[in-house]
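Subject: Structure handover

Hi,

Here is the structure for you to look through. My notes on what turned up follow below it.

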Amino acid sequence: MNYKMMGRFIGRILMVEAVFMVPAMLISLWEKEFGAVRAFMWSMGIIVVVSGLLMFLCRGSRNRFFAKEGMACVGLSWFFMSLLGCLPFYISGVIPDFVDAFFEIVSGFTTTGASILPAVEGLPKGILYWRSFSHWLGGMGVLVFLLAISSMGGRENGFTMHLLRAESPGPNVGKLVPKMKKTARILYLLYVLLTVLDVVFLMLGDMSLFEAVCTAFGTVGTGGFGIRNDSMASFSPYIQNVCTVFMILCGVNFSCFYLLLMKEFKSVFKDEELRLYLGLIVGSVVLIVWNLGDFYASLGETIRHAAFQVATIITTTGFATTDYELWPGFSKAILLSLMIIGASAGSTGGGFKCSRVLLVLKSLRRSVRKIVHPQKVQAVRLNGLPVDEKVLQNTNAYLAAYVTAVLVSFLLISVDGYSITTNLSAVLACFNNIGPGFEMVGPTCNFAAYSTFSKLVLLMDMLAGRLEIFPILILFSRTTWRHR
Amino acid sequence: MKIIIAGDGKMGAALTRKLSAEGDDLTLIDSNSEVLVSSEERYDVMVVHGNCASMHILLQAGVKEADLLIAMTGADEVNLLCCMTAHGLNENIHTIARVCNPEYTDQAYAMRDMFALSMAVNPERQAAVEIERLLKYPGFLKRDTFTKGRVEIVELRIDGKNKLCNVALNDMYGIVKCKILVCAVLRGGKAVAPGGNFVLREGDRIFVTASTDMLAMLLKNLGVITHKVKRVMLCGGGRVSYYLAKLLEGSGIGVQIIERNPERCVQLTAMLPKASIIQGDASNQILLDQEGISGCDAMATLTGLDELNMILSLYGMNNGVSQVITKLGHIDNANILGNLSLGSVVSPKELCCNTIVQYVRAMKNQTGAALTVHSIADGQAEAMEFLADDTTKNCGVPLKNLKLKKGVLVVYIGDGARMEIPNGDSSFRSGDTVYVVTNREKGICQLNDIFE
């Protein structure tokens, strides 16, 4: 293990985090929330000292890096970033319990949106901003940001590939252009563009700048922290529709946007994952509208609520405009299924990912055919091209890890004594980075009731879900830390 | 600059290593996905899996926006087809093809026009030419030529018997009695830019700038045996051997080739009427003794196995062959060979890569850029040729008054008629050719970059 280089990476990431706290502090200063300003100052001080120490102690290392280090580095970065990112909540006294504060920021960075705060209105504005901004930073990934702004050492810097692979979601991560730095820049450029567009559209709907920015962070990062107690319910239908559209956009693989800009429309519209993703959204909305019948006053309202809820669940955002807990069982079942499937690979959303669903189903079909024609040689194809067997193996391994992790966490948090639905949906909502689940953790409730131990379990679930299990799993493997 | 490299084999990988250090946008194409994955994880490049001569794959690799295509697969025909196709898809693209079949060598020039190639490279032939040049002046480990062959940087190894051993550079002129300049010393695997008080030690490899006319005198004064090479033994009958034998035949040197494969021997006999072809295993020492290895003036080990070449060279050295040349095909880093006395080491891969990197640099900026670049001292230092023009700073200022960056040395100044190994009072004028040796990693692209 190249500990020094990992240390330097983590140091740099913490430095980025400290810099990003500055706007939050300025907002608090502007609003004259001096308690929050002090909290931010202290936090930034601590982070800068830690990061400076790390960078100083780990200077002058070799620039060699392998897959193992890349994964462990991403896992550790996210852990430490969260550990120090929760300091403003804790120091300012907004969240007096440290584990609660940790839970809240992990929920932010992993774009989950599960909260332990019963009421957010009236909290200091700077704290609210930091809470929403954590979604934005976590959505595209902080390492990708680091790759976009700084050059990674030396002649042989192909190792950055390991970092991109570990942080970007999806079974088959690749670069858009030959240079890693340019790839990362293109991704962030698209991301910023979407955010700005969202802010503009929200402000056209009479939102204040602060509200629009915070909501846009939650939407584009597919996070789900609201700035009102009832999430999005009290905003106008126009604003809710804008959110629906942007959530759906951000659940699309960002390389599709790049291809659109490159005017390669054909390959985008033929993309099987995009078709499945959009098909699932349209199908679910139609079925839910049919199932709801005259639950709401008008058909328009039914469609609006159905579309919003479907979008918020499949992109794993976790806003709410209505309490879907009151919906009939079939609609809730659809939402639960969407929770597991999740958004597209290479998007800001979480979940199992549409492309993995495609791969798993296709290899299942191949296995069934193999029973009928045992000698048949056939490849699993995606977008017309045969998929590498290694990718299939990894996808199946991911499925196994996913199921195991969900089951184990479910068992662990069941100790607290809540109902099966509550516990299972809580685990699913955290692991898939959604936020609200059903019953006790439904859209109108929150996670405050769980014990400290359960919160820690759910917190690890969120990290594992965002980083797709392996970067977290590798931290607990003994062979990782053993000397070669 | 956007560059596509077709073929990620031995050559392609070496080229990727060099060009990615130059900061170009590289896309690699290969039909073997495993080598692609390892390249992608090692260098900052994009990879495309498939046949590089197919239009579909070339388009996927972005041939329309690319500035240069380098076809480096093992098959000449694929390389040529690849370049032609690329040129058809984008008529502004520059193309470099590797063409190494001896049957095409004579027509290489004609093919360049026919297939619209910018350059055809032949690593094996290049290696053969290099070896022939070394054989002309036995005693130098390596020769790099500038200004169309008038100035050279030669590599010498200081052993215990050498007259320069334990001599400071300031006192060197009394021994060599000609104007030369030591521009770099490789000691313990590290390149050093030496000052006047630098004392040479046993085991150092020194890099000396001299005009070509001086070389014979330099060797004579150093006491290195300089009798003409009359008989050369080549181990291995591959393509390098063939090209080399052809060149040596031309200059009347007797050639003995030892080749294991009987069919290849028959082929070689047909192609090389004057050489004596011996069928047998070169690793068999009795065979070497029988063929009179100790009576050879020089020996070149050119088999396809680096390990075997190294062993054979050591054996040749032990038997008193005065000049031994070892071909290494795979080893990137000659440092690890340490002080094994392998004689001169020639790497076809390295030579060819240098040619291509020079081409790429020339393409990148036409004005003020280095005309030629040679990497010396195991790639740790670079010798560059610049043309001073009106935009060059400090024209006419004596070198001793200039503040040059650390690790930069002006080793040669010349115009059409005058050639000068510079000392502190020398200066350059607009229109002069200036040679600079540097062991800096980056930052010297133009002549003006050498000033502090």
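A:Ile469 is buried, at 3% relative accessible area. Buried means under 20% relative accessible area, exposed over 50%, and partly exposed in between (1.4 Å probe, protein chains only). A:Ile469 has a positive phi of about 60°, although it is not a glycine. Its place is the loop between α20 and α21 (470–473) of chain A. Helices (H or I, at least four residues) and strands (E, at least two) are DSSP runs, numbered from the N terminus.

Before you go further, some ground rules. This is a predicted model: local features need pLDDT of at least 70, side-chain atom pairs count only at pLDDT 80 or more, and totals for chains, interfaces and linings use all residues. Residues are numbered from 1 along each chain as its sequence is written, chains are lettered from A and ligands numbered from 1 in the order in which they are written, and side-chain values use heavy atoms, with hydrogens and water left out.

A:Asn383 also has a positive phi, about 55°, and is not a glycine. It is in the loop between β1 (381–382) and β2 (385–386) of chain A. A:Asn383 is partly exposed, at 36% relative accessibility.

Aromatic rings

Over all chains there are 34 aromatic pairs. Rings of Phe, Tyr and Trp (its six-membered ring) pair if their centres lie within 6.5 Å; planes under 30 degrees apart count as stacked, over 60 as edge-to-face and the rest as tilted.

One of the pairs is A:Phe103 with A:Phe447. It is tilted, at 5.8 Å centre to centre and 40° between the planes. The two residues are 344 residues apart. A:Phe103 is in helix α5 (residues 98–109), and A:Phe447 is in the loop between α19 (420–431) and α20 (452–466). A:Phe103 is buried at 0%, and A:Phe447 is buried at 2%.

A:Tyr324 and A:Phe438 make an edge-to-face pair, 5.4 Å centre to centre with 70° between the planes. This pair also links distant parts of the chain, 114 residues apart. A:Tyr324 is in the loop between α15 (299–314) and α16 (329–341), while A:Phe438 is in the loop between α19 and α20. Both A:Tyr324 and A:Phe438 are buried.

Ring pairs also build a cluster in chain A; its members include A:Phe109, A:Trp130, A:Trp136, A:Phe217 and A:Phe257. A:Phe217 also touches A:Ser132, as do A:Cys214 and A:Phe225, not counting residues up to four places away in sequence. Contact here means heavy atoms within 4.5 Å. A:Ser132 lies in helix α6 (residues 125–140) and is buried, at 1%.

Where chain B meets chain A

16 residues of chain B are in contact with 17 residues of chain A. The buried area is about 1,500 Å², and carbon and sulfur atoms give 40% of it. Buried area is the accessible area (1.4 Å probe) that two parts lose on being put together, summed over both.

Five salt bridges are counted between the two chains. A salt bridge is a side-chain nitrogen of Lys or Arg within 4 Å of a carboxyl oxygen of Asp or Glu. A:Arg165 and B:Glu40 meet in a salt bridge, at 3.6 Å from N to O. On chain B, α1 (10–22), β2 (25–30) and α2 (33–42) each supply at least two residues of the side that touches chain A.

Best wishes
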